[in-house]
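Biologist: I should like to learn how to read a structural model. May we go through it feature by feature?

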Amino acid sequence: MAELKGKAYLKKKLNSKKTWVQTRYDYYELKNLKRDNSPVIPDGLIARYESKLGWCTKAVDSLANRLIFDGFDNDNFDLWEIFEYNNKDVLFDSAIRSALIGGCCFVYISADEEGYPRLQVIDGKNATGNIDPITNLLTEGYAILETDDHGQIITDAYFDADHTEYSYRNGKDETVRNQTGYPLLVPVIYRPDANRPFGQSRISRDCMDLQDKARFTLTRMEVAAEFYSFPQKYILGTAQDSDFDTVKATYTSFLEISGDEDGNKPTAGQFAQASLAPLIDQFHTYAKAFAGITGLTTDDLGFISENPSSAESIKAGHGDLERLASKAQDTFGSGFLNVGLVAACLRDNFHYRRRVLYETTPLWKPAFSMDNSSIGSFGDAILKINEAVPNAIGPKTIERLTGIPIENG
């Protein structure tokens, strides 16, 4: 068993990661305050026309909205019942979205008054731990469970396989015996690997960089639009003591400029009008780059094509997104299976080995739904396959592929 490093170490670890996760949440919630330090546009104009852009939000939601957890196959330990009693629709959606933003989230498991498991999602900026690379369960963990309106900690907890230590701001700390054999804090991770066992955020550095550049381009377009609406004009040859009204000259339809005593008349002119086309092209280029990174299309980012796409062409355009959704289902499914395992251990007051769930499989609804024509083609294919190989595709498989509930399936 790995050596435990203790609560102080985990608190320090959380503090080192909190800013990183908070930055991702700021981009998701459009609270990022990065300013455009333009050498040309004054700070006053930038502050007045500062733009907001939700591409990072779209990158997260476009994937999160397609990941719909649908239970377990061969659920020998009644794991689904635990989620049913814990507001599963909100729980899964909250965990998936939080993990996509921060790379991972955590599910805190506690017992209610009757000893039944309660599940609470905690985001990555309020919990951390040391992970077992074999099972993806924690060997020890730390979580902030409650804060006040100013973000000060009211309750936090340290978790290991045998105990949970609660610390309260009023100083009345307590230690609760843990019979499950696992820390009651379980990670749900997006895209883990050997170098980053706690996963990677959907809001990557290049996503943030491209969104910032696109925001700055929008701001420059807003500033340029003012000059586009009111082109700069000039007058040559006015007298030194003239009281020329520049505001009136800007807004009036007709302008009278009289000559001086000698009959000399000023010369009026207009500078070449600025074009927004280069900025629009630049903005579109950033949209294409962002779409390529995230598996989206430019249609998803607001550049709607004139000809509506069919369901099949939309699905084809989201090929990368479909593969990302498939891999996310694998990792999130493993996380939810771990949550169910630890919760079942708490419910039954017994330490189940991780390997007892080898027959239990997480189930998901299809990330992309079929349209009517696709369902018809799929039905013809099923008939032909089952004619060649009897009962090769059964009701359960059809339901998994189409999302259509099959009675008695």
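Biologist: In which loop does aspartate 75 lie?

Modeller: Aspartate 75 lies in the loop between S1 and H4. Helices (H or I, at least four residues) and strands (E, at least two) are DSSP runs, numbered from the N terminus. This is a predicted model, in which local features need a pLDDT of at least 70 and side-chain atom pairs count only at pLDDT 80 or more, while totals for chains, interfaces and linings use all residues. Residues are numbered from 1 along each chain as its sequence is written, and side-chain values use heavy atoms, with hydrogens and water left out.

Biologist: Is aspartate 75 buried or exposed?

Modeller: Buried means under 20% relative accessible area, exposed means over 50%, and partly exposed lies in between (1.4 Å probe, protein chains only). Aspartate 75 counts as buried because its relative accessibility is 19%. Of the 409 residues of the chain, 41% count as buried.

Biologist: Which residues is aspartate 75 in contact with, leaving aside its neighbours within four places in sequence?

Modeller: Contact means heavy atoms within 4.5 Å. With those neighbours left aside, aspartate 75 is in contact with Trp80 and Thr360. Aspartate 75 and threonine 360 are 285 residues apart in sequence, yet their C-alpha atoms are 5.5 Å apart in space. In the chain, 67% of the contacts with a separation of 6 or more come from residues 24 or more positions apart.

Biologist: What is the phi of aspartate 78?

Modeller: Phi of aspartate 78 is near 55°, a positive value in a residue other than glycine. Aspartate 78 is found in the loop between strand S1 (69-73) and helix H4 (79-84), and aspartate 78 counts as partly exposed because its relative accessibility is 45%. Asparagine 136, which is not a glycine, also has a positive phi, of about 60°. Its place is in the loop between strand S4 (127-131) and strand S5 (138-147).

Biologist: How many bridges pair strand S6 and strand S7?

Modeller: Strand S6 (residues 153-159) and strand S7 (residues 163-168) pair in the antiparallel sense over five bridges. Threonine 155 has tyrosine 168 in S7 as its bridge partner, and aspartate 156 stands opposite serine 167 in S7. S6 and S7 form a hairpin with three residues between them. S7 and S8 run antiparallel and are joined by four bridges. They form a hairpin with five residues between them, and glycine 171 in the turn has a positive phi of about 90°.

Biologist: What is the order of the open sheet of three strands?

Modeller: The order is S3-S2-S9, with antiparallel pairing. The edge strands are strand S3 (117-123) and strand S9 (185-189). Strand S2 (residues 104-111) and S3 pair over seven bridges, and alanine 111 has proline 117 in S3 as its bridge partner. Helix H5 (residues 88-102) packs on the sheet, touching S2, S3 and S9.

Biologist: Over the ring of which residue does the charged end of lysine 125 sit?

Modeller: A charge sits over a ring if NZ of Lys or CZ of Arg is within 6 Å of the ring centre and within 35 degrees of the ring normal. The charged end of lysine 125 sits over the ring of tyrosine 25, 3.8 Å from its centre.

Biologist: Where in the chain is confidence lowest, and where is it highest?

Modeller: pLDDT is the predictor's confidence in each residue, from 0 to 100. Confidence is lowest in helix H7 (residues 246-251), at a mean of 57, and highest in S9, at 97. The chain averages a pLDDT of 85, and 80% of the residues score at least 70. Where pLDDT is low, the predicted coordinates should not be read in detail.

Terms used
Two strands pair if DSSP finds at least two bridges between them. Axes are lines fitted to C-alpha atoms, for helices over the stretch in contact, and angles run from 0 to 180 degrees between N-to-C directions.
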